[in-house]
Amino acid sequence: MNKPMKPESNSVDYIDDEDFIALEIPMESAGERLDKVLAHLLGDYSRNRLQSWLEAGAVTLNGKTVKMRQIVRGGEAVKVFPQELPEQQAFEPEDIPLNCQYDDADLLVFNKPANRVMHPAAGNWSGTVLNGLLFHYPELAHLPRAGIVHRLDKDTSGLFVVARSALAQTALVRQLQARSVERRYLAWVWGNPPLHGTIDSAIGRDPHDRLRMAVLGNAQSGLGGKAKLAVTHFKKIAQGQWNGAKVSLLECKLETGRTHQIRVHLESMGHPLLGDLVYRKRIPEQAKQLLLQRQALHAFALSLDHPHLHQTMSWFASPPQELLDLNPLLGIEGDVLPKSAVPLGGTSR
């Protein structure tokens, strides 16, 4: 563990062990807040980091844990127990179940449930697909992102592929860049979109809300790095209704793979996903009564060229039960869902 440099002040006494840093509050700091005093004395640590340790109870004053806004009198004995940042624990193996659909020496294909984050990030430093991969396939630790080459949103279920070697990862990334990987989704949306179509609208960070993505123009918009080309093809499979509001079931095919692409594109044309709590402009009033704990989006088909066998391989995953139950609820009758990875037409490779 990195230790802070010892200050020149004789009022600070460090104990060089692995468990804690001991110091005494200088008398001239009397009346100041503890977090400010620590930020001055422990200059190698950021104030935010010290505050997080205080909030976690990792700082004691005269042997008792204290609050961040504690006022000091001077002369108190302080012990600081440095805590690892969440980022430092993010890439640890965790025994998380993974639904493997295919397994060979070059690649793995999984069917992800909803409510599972793919990769550690702010707010989700553990419990991710990546943590599970490192537990079940420890050899993936030497690959960037444990071999993950494309992602699904937290509340999107379905198929994704993981490389098991550097050569396979490079080959899969090149296929994604060349748009030769076919990724097809089922999307339940509000409204009555056309029978089929293509949405060709560049996507970038929403300038008014950093937590959202947004359509910022088309490929010729001249937005530079602010937006990236995004193309989604769609075909309407079936139509239904919920308490008088029209709903539709779409098959979507990604030509590109931007963050939240299908969700953003469909909302932009006035047809947000059922259950989406972020992209929900122009949803009908009835949407508030539909109890769905996730966005109604499922990656049901995946096709790619095997990096070693050099042949096209395809995988299919039926939607989970909570999405299957939507059709009778919405009055969508008949056997309308795809039964294999073979395209239904209109969104072919």
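**Notebook: salt bridges**

I counted 13 salt bridges in the structure. For each I required a side-chain nitrogen of Lys or Arg within 4 Å of a carboxyl oxygen of Asp or Glu. The model is predicted, so I note its limits: local features need pLDDT of at least 70, side-chain atom pairs count only at pLDDT 80 or more, and totals for chains, interfaces and linings use all residues. Residues are numbered from 1 along each chain as its sequence is written, and side-chain values use heavy atoms, with hydrogens and water left out.

**Arg47 and Asp35**

I looked up Arg47 and found a salt bridge to Asp35, with the closest N and O atoms 3.3 Å apart. Arg47 sits in helix α2 (residues 47-55) and Asp35 in helix α1 (residues 34-41), so the pair ties together parts 12 residues apart in sequence. I took helices (H or I, at least four residues) and strands (E, at least two) as DSSP runs, numbered from the N terminus.

Is Asp35 buried or exposed? Asp35 counts as buried, at 0% relative accessibility. Arg47 counts as partly exposed, at 36%. My cut-offs: buried is under 20% relative accessible area, exposed over 50%, partly exposed in between (1.4 Å probe, protein chains only).

**Arg184 and its partners**

Next I checked Arg184. Its side chain meets that of Glu182 in a salt bridge at 3.7 Å, N to O. Both Arg184 and Glu182 are buried. Arg184 also forms a salt bridge with Glu251, at 2.9 Å, N to O. This pair links distant parts of the chain: Arg184 is in strand β8 (residues 182-190) and Glu251 in strand β13 (residues 245-254), 67 residues apart. Glu251 is buried, as is Arg184.
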